[in-house]
Amino acid sequence: MAETTASRVTGPLPAPPARSSGALPTGRARRRYRTVVAVLGVLAAGFGFGLLAWDNPMPVGSDGFWRIAQMRGTNLVVMAVVAICQAVATVGFQTVTGNRVITPSIMGFEALYVAVQTTAVYFLGVAGVVAVQGLPQFALQLVLMVGFAMLLYGWLLSGRYANLQVMLLIGIVIGGGLASVSTFMQRLLTPSEFDVLAARLFGNVSNADASYLPLAVPLCLGAAVLLWAGSRRLDVVALGRDASTGLGLDHRRETMRVLFLVSVLMAVSTALVGPMTFLGFLVATLAYQFTGAHAHRYVFPVAVLTCFVVLSGAYFVMRNVFYANGVVSIIIELVGGLVFLFVILRKGRL
Amino acid sequence: MITLSGVRKEYSGEVAIGPVDLRIPRGGVTALVGPNGAGKSTLLTMTGRLLGLDAGVIEIAGHDVARTPSKDLAKVVSVLRQENHFVTRLTVRQLVAFGRFPHSRGRLTAADEEVVSRAIDFLDLGGLENRYLDQLSGGQRQRAYVAMVLSQETEYVLLDEPLNNLDMRHSAQMMRHLRRVAEELERTVVVVLHDINFAGHYADRICAVKDGAVVEFGTPEEIMTGEVLTRVFETPVTVVDGPRGPLAVYY
């Protein structure tokens, strides 16, 4: 996805008309966009390769090197899946809700994930952690989360209260309720059970099982490509309900379509690695700053690349500098939060 | 021609609009006037299919707005609400280019760019076309939205209180632009106005709405009389002869 855009942008462009309405109207804006994509691409490749090669005892390129790299490669694929899911889902969700300071996790995906994990451990003990692992269980969690989201959307967007704000509010309340129930159950666990559970409640790339990937990769790619293909319609949705209806877009249908795809992406990401509350919000905001354009077809690739860079960078640092495998979400929230504040304070607008 | 027959909209047990029967002929500027809460904006937004009807039929140039696909209707009628939340990262030109969406589905051709340029020049936005929307004053932004609606190139243009928040100069300018839209571009403009004097001076037809019903429909000469306006607005109105036509004095 990122590659196609990059090549389309870097390819020979027809001489632009003197007055252009394109998303990147000037040569300067186009150069800037190309530079951003190139820098992010290099960073992504660098961190990706770094994760495979750093501390790899075998010489680069040898048979043994690739054997070790292959084992680490799973993590890299997981990161790519999470990057695509979080980035695309958040950008899409922010557009249909017309709100730039929320993430789709507000709809209770993560609370649901935590509740499922906690319930399993609560009733089955330490064995419960094992009981919710495996491909069928993974699929079941996906169905549960997407089903939950669609129920909420469908009920709230088609009924008497067809109002996005009400839907968000109810999503928050249900999420909060689920979180409280989970916290209560966690209180009743034995310390050892709690310890095992806590490890799964941090967003962690190593949570993912390679056996989930055959299901996760196609779902993630499918939903992301569908959203990306509808970029031009999303641009119109961003104008708001009335303006987009006036321009002939079926606003409700488009909203439902996007929300469905968002819920698939969020479910895949959450069921794969656990909660990553802040990541999507961070990269969506950064992507808008980096791209300097409103057009989704330019924002999506930058968001995905940014997300991959943040994720793999954080993972690289945690693994090779702090030797603290597994708590990637902590460093993302810390460093990401600081970067985020810096960008916002410098630019002064979202 | 826009035809409303038996149109009803119920908000709650007590507040209801209609049944309204109205025929707005092709061409010219038609102003919808009336007291607050009379239902002017509701009628306009229902005609622009932004709001569903509870009963009745609205037809624009023979297209039933409830049945015609929104996509096709967007080539016949364009509609602008009074409040538009705006995207800060859009330039004026990019906003105006959205008006071409019904025709090009977002892939602008050279012909589309030309239409966009014309709409921008028509509203004197040429110098502002590369500014971002959050760098504009309220009046300029309002003009940018009107330019977007014009670049949609529909025969019917519906505007909900386009003079809202505009000062004297910009209000008069906007009305002159709308007159030119009707005369030079031969579009049918329907506009909700608050100031009866603007309606009296710039409109070809005035439609007075009160308590959810159309109570008067006619030329400015017919409507701009003390007796009619007093009845419609439920406040004493005297119409005097001003230097440029009749003037309603209500204070």
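Student: In this predicted model, which residue is the bridge partner of Leu32(B) in strand 8 of chain B?

Tutor: The partner of Leu32(B) in strand 8 of chain B is Val192(B), and in strand 9 of chain B the bridge partner of Leu32(B) is Cys207(B).

Student: What makes strand 3 and strand 8 of chain B a pair?

Tutor: Pairing needs at least two bridges; four bridges join strand 3 to strand 8 (residues 188-192), and these strands run parallel. Strand 3 is also joined by four bridges to strand 9 (residues 205-210), again in parallel, so by the requirement of at least two bridges this is a pair as well.

Student: Why is Cys207(B) called buried?

Tutor: Buried means under 20% relative accessible area, and Cys207(B) has 0% relative accessibility, so Cys207(B) counts as buried.

Student: How many residues of strand 3 of chain B are buried, and which way do they point?

Tutor: In strand 3 (residues 29-33), five of its five residues are buried. Val29(B), Ala31(B) and Val33(B) point one way, while Thr30(B) and Leu32(B) point the other way. In a regular strand, side chains alternate between the two faces of the sheet.

Student: What makes Cys307(A) buried?

Tutor: The relative accessibility of Cys307(A) is 0%, which is set against the limit of under 20%, so Cys307(A) counts as buried.

Note on methods:
Residues numbered from 1 in each chain as written. Chains lettered and ligands numbered in written order. Predicted model: local features only at pLDDT ≥ 70, side-chain atom pairs only at ≥ 80, totals over all residues. Heavy atoms only, no water. Buried < 20%, exposed > 50% of the residue type's maximum accessible area, 1.4 Å probe, protein only.
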